[in-house]
Amino acid sequence: IFSPATPFSLVATVSSVRMETEFQAAIDSGKINGAVLCACDTKGDFLYNSALGQRTLLFGERCPQRLDDVLYLASATKLITTIAALQCVEDDLLSITGDLSSIAPELASRQVITGFSEDGETPVLEPAARPITLEMLLTHSSGLSYDFMVPMVARWRQKFDPVQEGQRRPVEVAFRYPLAFHPGSSWMYGPGVDWAGRLVERVTGSSLGDRMQQRMFSPLGIIDAQFYPVTREDLRARMVDLNPSDPEALGRAVLGGGGEMNKRAQGHFGGHGLFMTGVDYLKVLHSLLANDGKLLKPASVEDMFTHHLSPEATAGHQAALASPMGPFFRVGTDPEVKVGHGLGGLLTLQGVDGWYGERTLTWGGGLSLAWFIDRGNGLCGVGAIQPALPVEISVLEALKQTFRRDIYQKHATWKEHKTASK
């Protein structure tokens, strides 16, 4: 049912066209170039696959957007890496709550920055109160935060570890700055999942990409996935992000015009570096939705959909949700909806009428990708918008929300027609 050639007309003809209309209007006005939108239910009876708009090839030729186009996932990579880490837990190679110092001594020696001296020259550092665990890495509660999210950490990096032009860094070097808070004591979005990917590499002896292909992609029939830089010519020919505006295929449009995080990366970054097709990403989502045992044991999947933050970290998470960055961290959920954090994404702690059920897991990638797994309502989906540069964030946010909401209307309409036809 997940073949790119699968028709979606049986869904589109019995449901609203609001989503298609709004996306097409954004394409016609030049706000976006195209989009790949995919969703399915638990049994695979309901299937929505749509490719809209056009993409531009490296030398300027334009062609229709296709379902098998290769997309830059950005932070949607984190869910895939989380699964890889949990597979290592199942194999007794890692522990969710155990001390990681024997595997990653660099993390064990990491100190917490609390400020700077009066002259502003010397950072004030203190030993971490407790060890960092895999659970903390996967839920952004380890103290490892993106430097651009925490001014004090950004100041430390600018002063003591500036990035040199043209320099590529592995995970250990790219994120070697101090912790923003004591492990488990708060929450801030960061490179914890990149570190989880390195743990997978260290305990398996394989690159993260090879491990994913062996234990995740091959069992699901996925062959079109590769970490940056994408070198397979058959994939490069289908890469949305390999175009005149992004000749290095850094994912500039998805990241809002940036791409330096890929340009500076050495090795496989489990937090942001993966490229794959939308229909293949849906295969991963569906495996977790159906809990079919192809990727993880049922108990591990249940654990993913459980709130994993300590009371202290929960308070920090709530503070982040109420901050100016809150709309980004809420990934489309309203402020009044109770949310927590599972293993792999934001977790709703209550259902929303006509939309996400309780314990829906969701996150996104860059500014333009959104995914969700709603086991309560038996639905999962991924929406990947291909922005035009310069990016208009408000347009992308509105379109992502249209996808998140309207796919539920399509599913409901499909169910009504299915019932009526019996």
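1. In this predicted model, one aromatic cluster is formed by Tyr146, Phe148, Phe175, Tyr177, Trp187, Tyr189, Phe269, Phe328, Phe329 and Trp363. The structure as a whole holds 19 aromatic pairs, and two of these are described in the next points.

2. Tyr72 and Phe275 make a tilted aromatic pair, with 4.8 Å from centre to centre and 35 degrees between the planes. Because Tyr72 belongs to strand β4 (residues 70-72) and Phe275 to strand β8 (residues 274-277), the pair ties together parts that are 203 residues apart in sequence. Tyr72 counts as buried, at 2% relative accessibility, and Phe275 likewise counts as buried, at 1% relative accessibility.

3. Phe328 and Trp363 form an edge-to-face aromatic pair, its centres 6.2 Å apart and its planes at 75 degrees to each other. This pair links distant parts of the chain, since Phe328 is in helix α15 (residues 326-330) and Trp363 in strand β11 (residues 361-365), 35 residues apart. What is the exposure of Phe328, buried or partly exposed? With a relative accessibility of 30%, Phe328 counts as partly exposed, whereas Trp363, with a relative accessible area of 5%, is buried.

4. Arg155 lies over the face of Phe116, at 4.0 Å from the ring centre, while the charged end of Lys159 sits over the ring of Phe160, 5.8 Å from its centre.

5. Helix α2 (residues 18-28) and helix α16 (residues 393-420) have axes that come within 9 Å and cross at roughly 155 degrees. The crossing angle therefore makes α2 roughly antiparallel to α16. On the α2 side the contact involves Arg18, Met19, Glu20, Glu22, Phe23 and Ala26, and these meet Leu399, Thr402, Phe403, Asp406, Ile407 and Lys410 in α16.

6. Which residues does Ser186 contact, leaving aside its neighbours within four places in sequence? They are His140, Ser141, Phe181, Glu312, Ala313 and Gly316.

7. Two cis peptide bonds deserve a look in the model. The bond from Tyr228 to Pro229 is cis, with omega near -5 degrees, and Pro229 has its place in the loop between β7 (225-227) and α10 (233-236). Leu389 and Pro390 are also joined by a cis peptide bond, for which omega is about -5 degrees, and Pro390 lies in the loop between β13 (379-387) and α16. Most residues other than glycine have a negative phi, and most peptide bonds are trans.

8. Val331 has a phi near 40 degrees and is placed in the loop between α15 and β9 (339-341), where Val331 is buried, with a relative accessible area of 8%. Arg359 has a positive phi of about 65 degrees and lies in the loop between β10 (346-348) and β11; at 31% relative accessibility, Arg359 counts as partly exposed.

How values were computed
Residues numbered from 1 in each chain as written. Predicted model: local features only at pLDDT ≥ 70, side-chain atom pairs only at ≥ 80, totals over all residues. Heavy atoms only, no water. Phe/Tyr/Trp six-rings, centres within 6.5 Å; stacked < 30°, edge-to-face > 60°. Helix = DSSP H or I, 4+ residues; strand = E, 2+ residues; numbered from the N terminus. Buried < 20%, exposed > 50% of the residue type's maximum accessible area, 1.4 Å probe, protein only. Lys NZ or Arg CZ within 6 Å of the ring centre and 35° of its normal. Axes fitted to C-alpha atoms, helices over the stretch in contact; angles between N-to-C directions. Parallel < 35°, antiparallel > 145°, perpendicular 65-115°, else oblique. Contact = heavy atoms within 4.5 Å.
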